[in-house]
Structures are given as structure tokens and as C-alpha cells.
Amino acid sequence: MNISEAAKASGLTAKTIRYYESIGLIKPARRLSNGYRSYSEEDISSLKLIHQLRGFGFSLSECEDLLSLYKKSDRQSRDVKAKVAVRLEQVRTKINELEQLADSLEQMLDSCAGDDQPECGIINRLVE
């Protein structure tokens, strides 16, 4: 399958696939005699995996690690689970940070009358 077909099948753009090849995340596609890239079903599976992992917020480095585990027939599921557990902890930490941010923003909103007067508690809090 060519790069546009691979892009459609994997949910990625052709530009993203070329980028992943350039940084060594995936092996360069086999080239046909006309110079076009040719992707195998195994390549598509790897691209789909990366696409899914990126959707869960895994870094490129983490994707590389998990892709390596995916390709190892003798992998141990505990290794995959450990990497996902780390990501879950990162997400929970980020959720906590966002909840604290939301609380701060609510407090700022409560400090401002939001009327026609120039006095604004939000501005006052930001410059304190």
C-alpha cells in the first residue's frame, strides 16, 4: 500500500508517517521501482498502534518503547502494563493540576463584579 493508503488505514497523515520514518520511530518503508513507498500490513499495524498511543498522550519515546514491546514475541505483559500505569499516574497528576487551576479561576471570577465599572478583582489579583 502506498503512503496515502497507509495514512488512511492508520489514521495518520502522510506527513506524520514520513516524520516518524525520519526520526527512526518506524523503519523506512520499502521502495518500489518507481520510488514510491510501499507499506505492509505489519507497517500499518505499527502505525495504528502509534496513532492510538499518541491519542492517549504517550510521548514519542514512550511510543518507541511500547512499539518495541509490541514487536517482541517474548515480551512480558507486565512490561506493557507498567508503562501504561506510569502514563495513568501522569494523567491523574495532570487532572489534579487542572482541578486546582479551575478552582483558582473560579476564585478569580468570584472576585470580579463583571459590571460597567473599571474596578476588576481579576486584574487586581493578577498584579498582586
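Colleague: Leaving aside neighbours within four places in sequence, which residues is Arg18 in contact with?
Modeller: This is a predicted model, and Arg18 lies in helix H2. Contact here means heavy atoms within 4.5 Å. With neighbours up to four places away in sequence set aside, the residues in contact with Arg18 are Ile3 and Arg37.

Colleague: Is Arg18 buried, partly exposed or exposed?
Modeller: Buried means under 20% relative accessible area and exposed means over 50%, with partly exposed in between. The relative accessibility of Arg18 is 36%, so Arg18 counts as partly exposed.

Colleague: How does Lys15 count, buried or exposed?
Modeller: Lys15 also has its place in helix H2. The cut-off for exposed is over 50% relative accessible area. Lys15 has 66% relative accessibility and therefore counts as exposed.

Colleague: How far apart in space are Lys15 and Ser4, C-alpha to C-alpha?
Modeller: Along the sequence, Lys15 and Ser4 are 11 residues apart. In space, the distance from C-alpha to C-alpha is 9.7 Å.

Colleague: Which kind of aromatic pair do the rings of Tyr19 and Tyr20 form?
Modeller: A search of the whole structure gives one aromatic pair. Planes under 30 degrees apart count as stacked, over 60 as edge-to-face, and the rest as tilted. The ring centres of Tyr19 and Tyr20 are 6.1 Å apart and the planes are at 50°, so the pair is tilted.

Colleague: Of that pair, how does Tyr20 count, buried or exposed?
Modeller: Tyr19 has a relative accessible area of 42% and is partly exposed. The limit for buried is under 20%. Tyr20 has 6% relative accessibility, so Tyr20 counts as buried.

Colleague: Which residues have the most contacts inside the largest nonpolar core?
Modeller: The largest nonpolar core has 20 residues. Two or more of its residues come from each of helix H1 (3-10), helix H2 (14-22), helix H3 (41-55) and helix H4 (60-71). Those with the most contacts inside the core are Ile17, Ile26, Tyr39, Leu47 and Ile50.

Colleague: Which residues does Ile26 touch, not counting residues up to four places away in sequence?
Modeller: Ile26 is among the residues with the most contacts inside the largest nonpolar core. Without the residues up to four places away in sequence, Ile26 touches Ile17, Tyr20, Glu21, Leu47, Ile50 and Leu67.

Colleague: What is the volume of the largest cavity?
Modeller: Rolling a probe the size of a water molecule over the atoms shows where empty space is left. A search of the whole structure finds one cavity of 30 Å³ or more. Its volume is about 70 Å³.

Colleague: Which element gives the largest share of the lining of the largest cavity?
Modeller: The lining is made up of Ile26, Lys27, Tyr39, Glu42, Asp43, Ser46, Leu47 and Lys71. By type, the lining residues divide into three nonpolar, one polar and four charged. The largest share, four residues, comes from H3.

Colleague: How does Gly11 count, partly exposed or buried?
Modeller: Gly11 lies in the loop between H1 and H2. The relative accessibility of Gly11 is 45%, so Gly11 counts as partly exposed.

Conventions. Residues numbered from 1 in each chain as written. Predicted model: local features only at pLDDT ≥ 70, side-chain atom pairs only at ≥ 80, totals over all residues. Heavy atoms only, no water. Core = buried A, V, L, I, M, F, W, Y, C linked by side-chain atoms within 4.5 Å. Buried < 20%, exposed > 50% of the residue type's maximum accessible area, 1.4 Å probe, protein only. Phe/Tyr/Trp six-rings, centres within 6.5 Å; stacked < 30°, edge-to-face > 60°. 1 Å grid on protein atoms, 1.4 Å probe; cavity = no way out; pocket = protein on both sides within 12 Å on 5 of 7 lines; lining within 4 Å. Points joined across faces, edges and corners; volume = space filled by probe spheres on them. Nonpolar A, V, L, I, M, F, W, Y, C, P; charged D, E, K, R; others polar.
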